[in-house]
Amino acid sequence: TLLNLSGCGLEPKIDTWSVQRLYSEAKESLQVGDYATAIKYYETLEARFPFETYAQQAQLDLIYAYYKYDEPESAIVTANRFIKYYPRHPYVDYAYYLKGLVNFKDRKSVV
């Protein structure tokens with residue numbers, strides 16, 4: 001039989017984490033290449049703290065995490081959302097760049 005350990009306290013209780021901790025844990029996961037965990041933490045941060053400054057950076061990092069995790073549709077949707085909501089953000093060009101990378105990779109695999 002398979003044990004369900006999710007309710008046994010072995011998973012971190014991310015619903016109690018501060019915005020700083022969520023961002024820090026997400027960034028660390030991203031840096032070590034654990035894209036699935038990074039995506040989970042960034043998405044949680046965005047949902048719980050949508051108006052925090054960290055949420056804007058989390059969206060940019062989320063685009064990259066989706067790109068590296070081979071989720072091009074999610075990367076493009078997130079990039080488009082960032083560009084729409086923050087057109088004057090100092091790093092909006094990075095969102096355009098990542099969107100271009102996703103499109104280039106997607107097109108290159110078809111050829």
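Predicted model: local features only at pLDDT ≥ 70, side-chain atom pairs only at ≥ 80, totals over all residues.
**View 1. E52 in the loop between α2 and α3.** Helix α2 covers residues 35-48, and helix α3 covers 53-68. E52 is found in the loop between them. V19 lies 33 residues from E52 along the chain. The C-alpha atoms of E52 and V19 are separated by 8.0 Å.

**View 2. S29, a buried residue of helix α1.** Helix α1 comprises residues 19-31, and S29 is found in this helix. The relative accessible area of S29 is 9%. S29 therefore counts as buried, as the cut-off is under 20%. Leaving aside residues up to four places away in sequence, S29 touches D34, T37, A38 and Y41.

**View 3. The span of helix α4.** Helix α4 has 14 residues, 72-85. From its first C-alpha to its last, α4 reaches 20 Å. That is close to the 20 Å expected at 1.5 Å a residue.

**View 4. The buried side of helix α4.** P72, A75, T78, A79, F82 and I83 are the buried residues of α4. Seen down the helix axis, they fall within an arc of 135 degrees, so they line one face of α4.

**View 5. The face of α4 turned away from its buried side.** This face carries exposed residues. They are E73, V77, K84 and Y85.

Key:
Residues numbered from 1 in each chain as written. Heavy atoms only, no water. Helix = DSSP H or I, 4+ residues; strand = E, 2+ residues; numbered from the N terminus. Expected span 1.5 Å × (residues − 1). Buried < 20%, exposed > 50% of the residue type's maximum accessible area, 1.4 Å probe, protein only. Arc of directions from axis to C-beta. Contact = heavy atoms within 4.5 Å.
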